[in-house]
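Hi there,

Here is the structure I promised to pass on. Have a look at it first, and my notes on charges, salt bridges and backbone angles follow below.

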Amino acid sequence: MEVVENKKLDIKVYKETLDNGCQVIIIPRKDRKRKYIIWATKYGSIDSNFIDPTTNQEMHVPDGVAHYLEHKMFEQENGVDSLYKMMSLGLNANAYTTTDHTAYLFSCSENFYEGLDELMDYFQHPYFTDENVEKERGIIGQEIQMYDDDPEWSLYINTLRCLYKNNPVRLDTAGTIETISHITKETLYSCYNTFYHPSNTIMCVSGDFEPNELLEEIKKRMLPREKQSEIKRIYPEYENDINQKYIEAKKDVNMPIFMAGYRDFSKTEINGTSLEKAKRDITVKMILDMLVGGCSDVYQKLYNEGLVKTEMQYAYETSDEYAHVVVQGESKEPQTVYDQIVDALQNNEFTEADFERTKKKAYGENVYDYDDVIAIGRTYINTAIQGIDALDYITALNEIDYEYAKKVRGEIFKKDKAVLSVVKPNEG
Amino acid sequence: MEINKIKSKKFVTNAIAIYLTTKLDKETITMNALIPEILKRGTENYKTQLDISKKLEDMYGAVFNFSREKVGNFFVMKFYISTLENKYLPEEKNLAQEGINLLADIVFNPLKEDGVFNAKYVEQEKENRKKEIESRKDDKDAYAYSRALEELMEDNPYGSFIYGDIEHLEKIDNKNLYEHYQKLLKECKIDIFVDGCDVDDIALPEIIKQHGDPEFKQLSDEVKNKLLNEVKEPKKVIDKLDVTQGKIDIGLRVSDEDKYAILVYNQILGGDANSKLFQNVREKNGLAYTVRSTYSKYNNFIMIRTGIQLENFDKCLKVIEDQLADLQNGKVTEKEMTDAKECLYAALREIDENQLATINFEYARETLADDDSVEDKEKKIRAVTIDDVIRVAKGVSVNLVYYLTNEK
């Protein structure tokens, strides 16, 4: 197995691409009782248009298939629900769907290999019938309605609708009641066969393991599959501008919530190595920490004026198809707060001392992950999907400097390209 | 005074904790709950919260936190800081010592103005507490539980709301709060814990040594509350709020003294998804979304908590009573015993996976008269028999039926 090491942190990461193409990443943590495994396919809500690698046919499936598949994967031919079975083994099992991947996971202290049996069994044995697909439609419909009611979700998806006109990242992960009405057993099998091919998957495991032993156990449970060439995904043309500046919705909230958004238009030119991506990722986060985080001037000012009560949350979300920053908060005067935030992000200075202090904080936060096998697994799967080696974050911190941070800040945080999404309380 | 050192090598951080343990009473709970909020605002060395935050960032993103709890007859303030272990730092530095120094500074060296707390901070934080007390009804599940607790405990201070009440809050000012805190520091028990690999490099900060009551240890046994009164008929309380889901909270008096047998009893009754309550109330009859029971070992009660559809009140109550009766009538299977015990062992075995859980465990041994080690606890749970569980069941009686329902 390939080994990547960070001696300072005493971490070794073992990697192997199996014959069937599945990428396995093992991060051993000695003396930990808890174990965590996550198996993800690079298939998410933005992947509704693609070329079937076996037939070379262009495929257009309804939005929401990836999520629908996630729901149906647990159902077994013998009537057993794998999720329930895993829980009765004392495992903490779950699954989720994002824009760019679908993941199945569990954590446990005991019964790891029994859990591995079940996980690898259901992942490789889909069982869809007209009847069981139909049964799920109502359940997913309810979930979609739940999302529609969720103020934070509306806030977020509306921000993406401002940032992008056609990019599928703006779609609801679960699809809509209308789109899911077209999903059939055949759609599910076709997408399963394409996207759940091992060569499109990554598995991360962390815990007290001897890596070669674990790898053998994984291999034993892999079913043979015909080789598959790379899946070509079809996305709309790159958009050179934001879609709209402002959007507003009314939901059941006590106080207005807001989200500011920025596209990172420079990201497409630097989709480079893992290290380059890690550098940009960590730098954007640091800029946000410095300019709108808990120690920033603008936060202190807003807090003292009573305009915000708690710190703002922010994220930099990227894939090969999109890159954007979102900043979320709560305020009785969202527009005023937004104006001050975008002004601070464009114009406020950060000093070299601020930069060095924030870099120390970023270092700490990256190392903290290694205290918990679950945090490790999550970090490694998320970064692996983006083509980043998680250890590169530590390396990146040594390489970035004050000038680089100022450059990135200038590229992303332009007032006239910022968008605002607001969710206000229902009237009456 | 000494640092309670727990040497562990499998983490990347040192977890540092200072606990102040004091008597719980209705007169002081409001002040005690407010104190940590004032302390976090500034110290003599770091005058503002911003200064503290910047210092934490500079310490490689060290994390500061605090909480407050009622435990039997005690009120406990807990202050934490976690720092990266020294060997993982990119420079030579004793960050663990810096961590405990900063924590001690926050707890024992608060910012003073004319010899007392800063007036502005006290007023602001009083306002925040006031909002917290007023919005107590927002979280319906927590509200129902705290109301049920009030009713179940009657005059006992354990029934008090954790933030106290507005009447007491309004009497607080920066002067009397400061004086109260100084008195508390003289009379409380101070426990200091460090869990991590740098424990041998940490010295006790001087400032801590001047505080605390060295005799407090003898009071450890007093953490236990007296037994609830025996009642002929359960007390019935109905609260009405604008809710779509109703809540039933049932307070059980537990007279048995074997806490391990009670633990197993509670686990079988409503500990998890295998339990009688979950299986019968939720799975078989679909009457509730959630149902569980929790055992308060320092107060000798079990509380059953449910969230139900409003129309299911009578039916749900009946099914719960049936489960209690079944246990009293000896309807307990070997499988239920094994499942319950396995679940309890698993929880015990996971303690040392988490530094804060380990610290809390050691604290209970040190100050709450809960002396058994993990191994002893497991042994004692293993020794519990079906007969023990039935004996516990026979000593259980319903003291309170609390119902939170809709206004209509």
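A residue is called buried under 20% relative accessible area, exposed over 50%, and partly exposed in between. By that scale Glu330(A), with a relative accessible area of 37%, is partly exposed. Please keep in mind throughout that this is a predicted model.

**A negative patch on chain A**

Glu330(A) belongs to strand S14 of chain A, which covers residues 323-330. Together with Asp148(A), Asp149(A), Asp150(A), Glu152(A) and Asp252(A), Glu330(A) forms a negative surface patch. Patch members need over 30% relative accessible area and no salt bridge, and the 37% of Glu330(A) is over that cut-off.

Which side chain of opposite charge is nearest to Glu85(B)? That is Lys87(B), at 4.2 Å. A salt bridge requires the nitrogen and the carboxyl oxygen to be within 4 Å, and Glu85(B) has none, although it is buried. You will find Glu85(B) in the loop that runs between strand S4 (74-84) and helix H3 (95-108) of chain B. If we set aside neighbours within four places in sequence, the contacts of Glu85(B) are Ser8(B), Phe11(B), Val12(B), Thr13(B) and Asn14(B), along with Gly196(B), Cys197(B) and Asp198(B).

**Salt bridges**

Over all chains, the search gives 80 salt bridges in the whole structure. Here are some that I picked out for you.

Glu179(B) pairs with Lys175(B) in a salt bridge, at 3.2 Å from N to O. Both residues sit in helix H7 (residues 174-187) of chain B, four residues apart, or about one turn of the helix. Both are also partly exposed: Glu179(B) has a relative accessible area of 43%, and Lys175(B) has 47%.

Helix H12 (residues 334-349) of chain B holds another pair four residues apart, Asp339(B) and Lys335(B). Their closest N and O atoms are 2.7 Å apart, in a salt bridge. Asp339(B) counts as partly exposed at 24% relative accessibility, whereas Lys335(B) is exposed at 56%.

A further salt bridge joins the side chains of Glu366(B) and Lys189(B), at 3.6 Å from N to O. Glu366(B) lies in helix H13 (residues 355-367) and Lys189(B) in strand S7 (residues 189-196), both of chain B, so this pair ties together parts that are 177 residues apart in sequence. Glu366(B) is partly exposed, with a relative accessible area of 28%, while Lys189(B) is buried, at 9% relative accessibility.

There is also a network of salt bridges that links Lys285(A), Asp289(A), Asp354(A), Arg357(A), Lys361(A) and Glu365(A) with Glu57(B).

**Positive phi angles**

Where does Asp31(A) sit in chain A? Asp31(A) is in the loop between strand S3 (23-28) and strand S4 (35-41). Its phi is near 70°, a positive value in a residue other than glycine. With a relative accessible area of 46%, Asp31(A) is partly exposed.

Asn300(B) is also a residue other than glycine with a positive phi, here near 55°. Asn300(B) lies in the loop between strand S10 (288-296) and strand S11 (301-309) of chain B. Is Asn300(B) buried or exposed? Its relative accessible area is 13%, so Asn300(B) is buried.

Best wishes

Methods
Residues numbered from 1 in each chain as written. Chains lettered and ligands numbered in written order. Heavy atoms only, no water. Patch = residues over 30% accessible without salt bridge, like charges linked within 9 Å, V, L, I, M, F, W, Y side chains within 5 Å. Areas by Shrake-Rupley, 256 points an atom, 1.4 Å probe, with all protein chains shown as cover. Lys, Arg positive; Asp, Glu negative; His and termini not counted. Charge placed at Lys NZ, Arg CZ, Asp CG, Glu CD. Helix = DSSP H or I, 4+ residues; strand = E, 2+ residues; numbered from the N terminus. Buried < 20%, exposed > 50% of the residue type's maximum accessible area, 1.4 Å probe, protein only. Contact = heavy atoms within 4.5 Å.
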